[in-house]
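This report goes through one protein model by region, from backbone geometry to domains, cores and ligand site. The sequence and structure are shown first.

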Amino acid sequence: MQFETLAIHAGQEPDPNNGAVMTPVYMTSTYKQDGIGKPRQGYEYSRTHNPTRKALQDCLAALENGTWGLCFGSGMAATDTVLRLLSSGEHVVAGNDVYGGTFRLFDKILRRFNLDFAFADTTDVENLADALTPATRIVWLETPTNPLLAVSDIRAVVAMAKSHANKPLVVVDNTFATPYLQRPLDLGADLVIHSMTKYLGGHSDAIGGAIIGNDPELGQQLAYLQNAIGAVLSPMDSFLILRGIKTLPIRMDRHAENAEKIVNFLVAHKQVARVIYPFHESHPNVQIAKRQMRNGGGMISFILKGGADAAIRTAEATKIFTLAESLGGVESLIEVPAAMTHLSTKGSPLEVDAGLVRLSVGIENVDDLIADLERAIG
Ligand SMILES: *Cc1c(COP(=O)(O)O)cnc(C)c1O
C-alpha cells in the first residue's frame, strides 16, 4: 500500500464488536482478566498497553517503514526515553543546531547524570567524525534543523557512524520533515523520533512524541523503558493524532506549495537580507535536500535587514500569522527564535541570530498570507 492509504488505514481496523470505523478512545486504566495470568489480547494496564495508543503506534511504524512504534506524552519524553538506553560515562554527538529543548535536556539535565555530549555541525560528516570518541553510543541528528533549516545527508552520516569501531546508533529527529517527506530508516538510521505535536497531529491541539525503528531488540528495550518510566501518550491524544495523520499527505503538499510562494515573495523583498528554505536554490544543501526529501516542507526562516527590532516588529504586526511558539498546524505561525523558542541557547554555541524570523506556513489561502506579511514587514 502507498503512503496515502497507510496514513488512513494502517493499524486501524473497523471495531470487530460493532463495526465502528474510527478507533475508539479507550479511556480505561485496567482490563478484566479471564483468569489469573490470563489477560485478554495481552491488555493488563494502560501504561503498558492501550488499544488506541497501539493503533497509532502501528500506523507510525507503517508510515516510517519500521516494524514497531512507541508513543509518549511529548517529543521530549520520547527523546528522554531514548537517552535512557545509555549508562553513566557514555557519550552522544548531537547536531549543533538541534531543537532548543533537546539541547536543554542534554546539556542542563542529562550531564548531571554523567552522560557526555558533543555538539557538531552535522552538515559536514568530517566534523562528526572528529567529535566521535570511544564512548560514543548515539549520533543525534536533526534534518532539517530548527530554526536554521540546515540539511544533513542522512545516508552519509549513517555510513560514517557505522564505519566507526563502536557503531553508534543513529537517531534522526524527523519532526520537520515527517515520514511523508523523508524516511530516515530507509536511509539506514536506527531510530526515528518525532514531536507529534507538530505536523503529525497537525491541528495544534495535542502534545505527543514517538520513537520508531525496525530492530526488534531495540524495540524491546525501548518498550521496556516506555513502561518502566511511564511517560506514555493518553488515549485521547492518541485519537487526535491518529485523526490528524489521515490528512498528513495533503496537508504537507499544501504547506510546501504555500511555502514556496512565500519564499519567492520574501526573496524579492527589499527589507529581507536572507531567506532559508531547503528547496530554494540559495540553500547550501539544496542538492541533498532534493535527494532525500519529497518537498521542501512548510518551514521558512528569514533575516530582516533591520535586525532584532525589525524581527520583533514584524512578528507582532501580522494578523493571520499568529505570534506563537510551535509549528506544523494548519494555521500559520510566526516567531522570533532568539527571543522565544531558542532563548535557552543564549550564550551557547547554539545561539541564533537575533534578527531571525521563523514562519510555520499553514494551509490558508497563500495570497492572504503574502498580503499579511507584506503589511507587517512594511
Ligand atoms: C517541538 C520539537 C521537539 C519537542 O517536542 P514536544 O512535543 O514539544 O515535547 C523536538 N524536536 C523538534 C524538532 C521539535 O520541533
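In which loop is Gln 41 found? Gln 41 is in the loop between α1 (3-9) and α2 (51-63). The model is predicted, and every value below is computed from it.

## Backbone geometry

Most residues other than glycine have a negative phi, and most peptide bonds are trans. Gln 41 has a phi near 50°, a positive value in a residue other than glycine. Its relative accessibility is 75%, so Gln 41 counts as exposed. Asn 114 also has a positive phi, near 65°, and is likewise not a glycine. This residue sits in the loop between α4 (100-109) and β3 (116-120). With 47% relative accessibility, Asn 114 counts as partly exposed, since exposed requires over 50%.

Two cis peptide bonds can be described here, one between Thr 143 and Pro 144 and one from Asn 146 to Pro 147. Omega is about -5° for the bond that joins Thr 143 and Pro 144, and near 5° for the bond from Asn 146 to Pro 147. Pro 144 belongs to the loop between β4 (136-142) and α6 (154-163). Pro 147 is placed in the loop between β4 and α6 as well.

## Domains

The chain is divided into domain 1, covering 3-245, and domain 2, covering 248-377. Their C-alpha centres are 26 Å apart. On the domain 1 side, 39 residues are in contact with 40 residues of domain 2.

## Nonpolar cores

The largest nonpolar core contains 67 residues. Ile 262, Leu 266, Ile 300 and Leu 359 have the most contacts inside it. Helix α10 (residues 248-267) contributes the most to this core, giving eight residues.

Ile 262 can be followed in detail. Apart from neighbours within four places in sequence, Ile 262 is in contact with Ile 300, Phe 321, Leu 359, Val 361, Val 366, Leu 369, Ile 370 and Leu 373. There is also a second, separate core of 29 residues. Trp 68, Val 82, Leu 85 and Leu 350 are included in this second core.

## Ligand site

The ligand is surrounded by 14 residues. The closest of these are Gly 75, Asp 173, Ser 195, Thr 197 and Lys 198. On the backbone side, a polar atom of Gly 75 is 2.9 Å from an oxygen atom of the ligand. A polar backbone atom of Met 76 is also placed 2.9 Å from a ligand oxygen atom. From a side chain, a polar atom of Ser 195 lies 2.8 Å from an oxygen atom of the ligand. On its own the ligand has 380 Å² of accessible area, and the protein covers 93% of this.

Is Ser 195 buried or exposed? Ser 195 is buried, because its relative accessible area of 12% is under 20%. This residue lies in strand β6 (residues 191-195). Not counting residues up to four places away in sequence, Ser 195 touches Gly 75, Thr 175 and Gly 208.

## Two buried positions

His 91 is located in strand β2 (residues 91-95). A relative accessibility of 4% means that His 91 counts as buried. Its side chain makes a polar contact with the side chain of Thr 136, at 2.7 Å. Beyond neighbours within four places in sequence, His 91 is in contact with Asp 116, Phe 117, Ala 118, Ala 131, Thr 133, Ala 135, Thr 136, Arg 137 and Ile 138.

Ala 315 is located in helix α12 (residues 307-317). This residue counts as buried, at 2% relative accessibility. Leaving out neighbours within four places in sequence, Ala 315 is in contact with Leu 323, Ile 334 and Val 336. How far apart are the C-alpha atoms of Ala 315 and Glu 335? They are separated by 6.0 Å, while the two residues are 20 residues apart along the chain.

Notes:
Residues numbered from 1 in each chain as written. Predicted model: local features only at pLDDT ≥ 70, side-chain atom pairs only at ≥ 80, totals over all residues. Heavy atoms only, no water. Core = buried A, V, L, I, M, F, W, Y, C linked by side-chain atoms within 4.5 Å. Buried < 20%, exposed > 50% of the residue type's maximum accessible area, 1.4 Å probe, protein only. Helix = DSSP H or I, 4+ residues; strand = E, 2+ residues; numbered from the N terminus. Contact = heavy atoms within 4.5 Å. Near = heavy atom within 4 Å. Polar contact = N/O pair within 3.5 Å; in protein donor to acceptor, adjacent residues only side chain to side chain. Areas by Shrake-Rupley, 256 points an atom, 1.4 Å probe, with all protein chains shown as cover. Domains from an automatic or database assignment.
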